[in-house]
Amino acid sequence: MFSIIIKGGSPIYEQLCGRITELISTGVMQKDEKLPAVREVAKQLGVNPNTVQKAYTILEQRGLIYSVPAKGSYVSSSEEGIISMRKGAMKRFTDSVINAINCGIEKQALIEAVETL
């Protein structure tokens with residue numbers, strides 16, 4: 001379910017956070033859907049369970065998931081976490097576009113770059 005790059009790239013817990021966030025924000029993972037157990041994900045990816053737990057903790061702090069003691073972690077039924085993540089993404093996008101314009105990149109080149117994505 002989750003794919004990460006063990007060697008190089010960003011830290012494993014960040015990759016895991018990013019992948020789960022993507023699955024939640026695109027609707028692949030539904031509200032109140034149970035996430036795989038920490039040990040299960042750790043075994044599947046070949047990483048330390050503490051790494052997976054760190055990712056789950058961060059996602060919970062962001063309001064994207066919630067935990068039920070002795071039951072596991074679930075996708076939050078609240079839209080607040082997703083809305084907050086989208087606002088942050090738009091802010092970073094806007095900052096990047098402003099930076100690109102300041103570097104002399106033409107509007108059409110920016111449009112083409114977005115369309116390519």
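The crossing of helix 1 and helix 3 is right-handed, a term that applies when the near helix is turned clockwise from the far one by less than a right angle, anticlockwise being left-handed. Colleagues, this is a predicted model, in which local features need pLDDT of at least 70 and side-chain atom pairs count only at pLDDT 80 or more, while totals for chains, interfaces and linings use all residues. Residues are numbered from 1 along each chain as its sequence is written, and side-chain values use heavy atoms, with hydrogens and water left out.

Let me begin with the first pair. Helix 1 covers residues 12–25 and helix 3 covers residues 49–61; helices here are DSSP runs of H or I with at least four residues, numbered from the N terminus. Their axes come within 9 Å and cross at roughly 50°, where axes are lines fitted to C-alpha atoms over the stretch in contact and angles run from 0 to 180 degrees between N-to-C directions. Helix 1 is therefore oblique to helix 3 (angles under 35 degrees count as roughly parallel, over 145 as roughly antiparallel, 65 to 115 as roughly perpendicular and the rest as oblique).

Which residues make the contact? Helix 1 contributes Ile12, Tyr13, Leu16, Cys17, Ile20 and Thr21, and helix 3 contributes Thr51, Val52, Lys54, Ala55, Tyr56, Ile58 and Leu59, contact meaning heavy atoms within 4.5 Å. By class, these residues comprise 10 nonpolar, two polar and one charged.

Gln15 also belongs to helix 1. Is Gln15 buried or exposed? Gln15 is buried, at a relative accessible area of 14% (buried means under 20%, exposed over 50%, and partly exposed in between, with a 1.4 Å probe and protein chains only). A polar atom of the Gln15 side chain lies 2.6 Å from the backbone oxygen of Ser10.

I turn now to the second pair. Helix 2, residues 38–45, packs against helix 3 at an angle of about 120°, with the axes 8 Å apart. Helix 2 is thus oblique to helix 3, and helix 2 passes helix 3 in a right-handed crossing. Here Val38, Val41 and Ala42 of helix 2 meet Pro49, Val52, Gln53 and Tyr56 of helix 3. This contact has six nonpolar residues, one polar and no charged residues.

Finally, Glu106 sits in the loop between helix 4 (80–102) and helix 5 (107–116). Glu106 is exposed, its relative accessible area being 58%. The C-alpha atoms of Glu106 and Val38 are separated by 46 Å, the two residues being 68 residues apart along the chain.

Definitions and conventions. Helices (H or I, at least four residues) and strands (E, at least two) are DSSP runs, numbered from the N terminus. Ala, Val, Leu, Ile, Met, Phe, Trp, Tyr, Cys and Pro count as nonpolar, Asp, Glu, Lys and Arg as charged, and the others, Gly among them, as polar. A polar contact is a pair of N or O atoms within 3.5 Å; within protein, one must be able to donate a hydrogen and the other to accept it, and residues adjacent in sequence count only if both atoms are side-chain atoms.
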